[in-house]
Amino acid sequence: MDCRQCGSPLERPGDYCLVCRTANADAVVLDIDRDRAAVTMLSDDEVVATTTITTSPEDGEETGVVELRNFAGRIADEVRRKRPDEVFAAGHREVLRAAREQLHHEFYRVDGGDPVEAVRTRRGETALEVVDAAPAEKIGGTHSTLIGGRSGRRAVQTVAGHPHVKKIVPGPIDAGGTGSQSGVRAKATRADGNGNVRLLIRNGSSVQENRVVTTAGDRETGERVREDLNGALAEADLQ
């Protein structure tokens, strides 16, 4: 494939052109199974190319860890070569988590039925404002205590790290619930009419409801953010 801007040959389809310093893809869609990953590059919602990466999963504890890390590394390298503005992902959570750890991009979760078409539809909708602030700067309010210790803080930081989250306001802790042995669990609730959600964190018999202010302006776009948040919490083993 040649660069769409200057015509220079590219080493791989959709690569960022090092000659004219131009991106040939503005988004990457990852459709991942445990043994294969389809990496699709989009430019203005049109498919530029699709690259397939395969692996042979290992059963051994040590060899399995190495194989998974190498597989995720190859996926991450393919994304880095494109320098996309956005990365969308669907599929195997363990592989996604491993790939995400090797990239600085925020992953947006999409429907696994037809991820590419889901992304093309989604990107045609109104873009949401991105909040460029550190997660710690987004957490505020009169209640500073978070339940769940380190895991509870990790849940809040995971949500605060989302680019469409403006602020998280921790709420009071209710200790009157039913006991649970499942440890800390977190979930973003259905968006309200203004596009904001609630982050429920449960730890044993205690529950804390935290208000999450997003850049969405209505329930429909708020639901998109909620799905992203729950996907990120699931990948962090908090659901």
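Modeller: Let us begin with terms: helices (H or I, at least four residues) and strands (E, at least two) are DSSP runs, numbered from the N terminus. Axes are lines fitted to C-alpha atoms, for helices over the stretch in contact, and angles run from 0 to 180 degrees between N-to-C directions. This is a predicted model, in which local features need pLDDT of at least 70, side-chain atom pairs count only at pLDDT 80 or more, and totals for chains, interfaces and linings use all residues. Residues are numbered from 1 along each chain as its sequence is written, and side-chain values use heavy atoms, with hydrogens and water left out.

Biologist: At roughly what angle do the axes of helix α2 and helix α5 cross?

Modeller: Two packed helices are described by the angle between their axes and the distance between the axes. Here the axes of α2 (residues 93-100) and α5 (residues 219-235) come within 10 Å, and they cross at roughly 90°. Angles under 35 degrees count as roughly parallel, over 145 as roughly antiparallel, 65 to 115 as roughly perpendicular and the rest as oblique. The two helices, α2 and α5, are therefore roughly perpendicular to each other.

Biologist: Into which classes do the residues of the contact of α2 with α5 divide?

Modeller: Contact means heavy atoms within 4.5 Å. Helix α2 contributes Arg93, Leu96, Arg97 and Arg100, while α5 contributes Ala232, Ala234 and Glu235. Ala, Val, Leu, Ile, Met, Phe, Trp, Tyr, Cys and Pro count as nonpolar, Asp, Glu, Lys and Arg as charged, and the others, Gly among them, as polar. The contact of α2 with α5 accordingly holds three nonpolar, no polar and four charged residues.

Biologist: Against which elements do the buried residues of α2 pack?

Modeller: Buried means under 20% relative accessible area, exposed over 50%, and partly exposed in between (1.4 Å probe, protein chains only). In α2, the buried residues are Val95, Leu96, Ala98, Ala99 and Arg100. They pack against β1, α1, β4, β5 (107-109) and α5.

Biologist: How far apart are the end C-alpha atoms of α5?

Modeller: The expected span of a helix is 1.5 Å times one less than its number of residues. For the 17 residues of α5 this should give 24 Å, which agrees with the model, because the end C-alpha atoms are 24 Å apart.

Biologist: How many of the residues of α5 are buried, and what phi does Asp237 take?

Modeller: Helix α5 is mostly covered, with 14 of its 17 residues buried. Just after α5, Asp237 takes a positive phi of about 60°.

Biologist: With which side chain does the side chain of Thr55 make a polar contact?

Modeller: Thr55 is found in the loop between β3 (46-54) and α1 (61-82), and it is buried, with a relative accessible area of 17%. Leaving aside neighbours within four places in sequence, Thr55 is in contact with Arg34, Asp35, Glu67 and Phe71. A polar contact is a pair of N or O atoms within 3.5 Å; within protein, one must be able to donate a hydrogen and the other to accept it, and residues adjacent in sequence count only if both atoms are side-chain atoms. At 2.7 Å, the partner of the Thr55 side chain is the side chain of Glu67.

Biologist: What separates the C-alpha atoms of Val116 and Val29?

Modeller: Val116 is found in helix α3 (residues 115-123) and is buried, with a relative accessible area of 19%. Apart from neighbours within four places in sequence, Val116 is in contact with Val29, Thr40, Leu42 and Val47. Val116 and Val29 are 87 residues apart along the chain, and their C-alpha atoms are separated by 6.3 Å.

Biologist: Is Asp44 buried or exposed?

Modeller: Asp44 is placed in the loop between β2 (36-43) and β3. Although it is not a glycine, Asp44 has a positive phi of about 55°. With a relative accessible area of 61%, Asp44 is exposed.

Biologist: What is the relative accessible area of Arg83?

Modeller: Arg83 is found in the loop between α1 and β4 (86-91). Arg83 is not a glycine, yet it has a positive phi of about 50°. Arg83 is partly exposed, and its relative accessible area is 44%.
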